[in-house]
Amino acid sequence: MSEPDSGLKPSKPAFWNDPKVRALFFQVLLIVALGYFLMTIVDNTLENMRSRGITTGFAFLDEPAGFGILQSLIPYTEANTYGRTFVVGLLNTLLVSGLGIVLATIVGFIMGVARLSHNWLIAKLAALYIETFRNVPLLLQIFFWYFAVLGALPSVRQSLDLGLGIRFNNRGLYLPEPIPENGFSIVLWMVLIGFVVSRFVKRWARKRQDATGQPFPVFLTTLGLTFGLPLIAFLILGSPLHWEFPELKGFNFKGGMTIIPELLALLLALTIYTGTFIAETVRAGINSVSHGQTEAALALGLTRVQTLRLVIIPQAMRVIIPPLTSQYLNLTKNSSLATAVGYPDLVAVFMGTTLNQTGQAVEITAMTMAVYLTISLTISFFMNWYNKHVALIER
Amino acid sequence: MSKITSTLLLSSALALAANTVSADTLDSVKSKGFVQCGVSTGLPGFSNADKSGNWKGLDVDVCRAVAAATLGDASKVKFTPLTAKERFTALQSGEIDMLSRNTTWTLTRDASLGLNFAGVNYYDGQGFMVKKNLGVKSALELDGAAVCIQSGTTTELNLADYFRENGMKYKAITYDTSDATVKGFEAGRCDVLTSDQSQLYALRIKLKDPKSAIVLPEVISKEPLGPVVRQGDDKWFNIVKWSLFAMVNAEEMGVTSKNVDSMKNSKNPAIARLMGGQGEKLGLSDDWSYNIIKQVGNYGESFERNVGMGSPLKISRGLNALWKKGGLQYAPPIR
């Protein structure tokens, strides 16, 4: 019964032949080498800048900037610091990217669906739009909107009157500004309350439908609660809101809200350009759902709208979202082309003027890169979370 | 874009350059056989490429003078067109040997960028250009105006100072290049274009109808413009500095590109010193100044040819006349 030991128990290999030890060893080696490389680079850069008499450090952020910025979402004057110009630029970048993402998504979804339309004219028009704007460089489109379209608008004194106090000229779009009075906050609270209540209604409606099969008009109820409720409150309180209209004074219109043409041009170009890519993504997503799904849904007695909403779109979204994330990231990064038409975004204000006035290229470039990285990672993170939320749950 | 390229170049140059080596610009210029000179992207009179691609202008002549002094041939210059934003990074990173791009000498730039200003080749001041039909006669009537401006310039700071000082408001529309600035002004995006006065005249020629705009009389700042080199290479700093001084001294002594050959035998000791004998101290050949005057001309010639009466700009000497004639151009003696 005695079995020879040697045949069954594998002899332990020498530790340098152990795959686990080897893997660990090489990974540690790589990390040490990489760390040393980075440290050398940083150290060398600092040393060289010192020896060449180039100022280093972030002390410049506390110095007064002394230059004006065309558009700022927070109060800003020339007496503020370079640190504040960073924030102003950052907010302007976020503004144009945020608006761009929302608008490009809307345009993209409409155009993507339109290209699949059974109506020949609509499908061809959508195809024409996509093929034209997808294939022209973005910078060229920005110039086109800025110099050729918005630049060709009449001057201030011959402004176009679009009605409702809206004026449009080559200095921008002038809108009446809503000025809230006492009690307007109640209206805003009503919006929130209406929204929260409609969430509960939705949950209840689903439960009831699961139990009894009785559908409930959730969409209309939501609409009524979030808009109707505040509207009633607004009327009861006696319209606590008035409009400030832009008026021509001196060189320009004063009062009201102004949307500068730089923002308009950039937004138009980004929306229309990115919209084409989103449209193609949407088309691909919808095409990926096999036609059998539609037929099956119709056979079960769902209406066309229900088929689209409950069967096709949820499945299409799984294909659409990952490439959609890339488009959002592209749009955000492309917004840095703002500098070409003078829109004061982060690159124009901070990596442009501030860099030039202080000359601290390394610090400012590093900060700007860190900002874009952070924005991109945030978008990525959110979209990945959403993707997981809609992904097929496999059992 | 090129901004990012030059920043990356700067970072990598700074990161990878060995600590002990300090670059000798003169040696590198001699071994590659040309001077790499940073100029503007196109400013008539100062640095502008003509139809056949030759760079011309007052700033370009400083580059040519340095090439004549170091290599004996004023044509051995390669030009790098730079926007206002790119210029200092390009010089710091070693992409160019010298910068001659209507650059204002200020304390911050001199002290914190690792650069040295090698003199003043044009005394300028900031001014305003407005459309004639606005009927504005003085800069003090500009309250509430929209102002077109090129980014990355001292102009941006002066503008803010001037409007604050006079309790006026403005909107700055900041463009990347001077071409875009002119386009914006022409399209009516702004009421006023502000820049150094010399540039205003140069930019006005670029308008479709130059007569539709006027330059206001106010000058709101001091803008001494001059060539710039990297800090830490004193030999090269001296060469650029004295190339410019040689041109000014030559004008003062009446030596021109036409009479320079006959002046070679001048009995006047100061002229004799200018003509030769001082090159060794700068690390150059003895005919360095002769080459400058012969091939580029003296300061006065360069001025008239590029921005003065012999040019479309027709700017009078004004502050840029020699000190003897009531101007500010004054060069230390060559001795």
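H3(B) and H9(B) run roughly perpendicular to each other (the word covers angles of 65 to 115 degrees, with under 35 roughly parallel, over 145 roughly antiparallel and the rest oblique). The model is predicted, so local features need pLDDT of at least 70 and side-chain atom pairs count only at pLDDT 80 or more, while totals for chains, interfaces and linings use all residues. Residues are numbered from 1 along each chain as its sequence is written, and chains are lettered from A and ligands numbered from 1 in the order in which they are written.

**View 1. Helix H3 against helix H9 in chain B.** Helix H3 (residues 58-71) and helix H9 (residues 234-253) of chain B pack at about 105°, with their axes 9 Å apart. Axes here are lines fitted to C-alpha atoms, for helices over the stretch in contact, and angles run from 0 to 180 degrees between N-to-C directions. Helices are DSSP runs of H or I with at least four residues, strands are E runs of at least two, and both are numbered from the N terminus. On the H3(B) side, look for Val62(B), Ala65(B), Val66(B), Ala69(B) and Thr70(B), which meet Ile239(B), Val240(B), Ser243(B), Leu244(B) and Met247(B) in H9(B). Contact means C-beta atoms, placed from the backbone, within 7 Å. By class, this contact has eight nonpolar, two polar and no charged residues. Ala, Val, Leu, Ile, Met, Phe, Trp, Tyr, Cys and Pro count as nonpolar, Asp, Glu, Lys and Arg as charged, and the others, Gly among them, as polar.

**View 2. Where chain B touches chain A.** Here 40 residues of chain B are in contact with 38 residues of chain A. S10(B) gives the most to the chain B side, with six residues. That side divides into 16 nonpolar, 14 polar and 10 charged residues.

View 3. Most residues other than glycine have a negative phi. Asn102(B) is buried (20 or more other C-beta atoms within 10 Å of its own, C-beta atoms being placed from the backbone; 12 or fewer is exposed, in between partly exposed), with 27 of them. Lys314(B) lies in the segment after helix H14 (299-306) of chain B and is exposed, with 11 other C-beta atoms within 10 Å.

Notes: Two residues are in contact if their C-beta atoms, placed from the backbone, lie within 7 Å.
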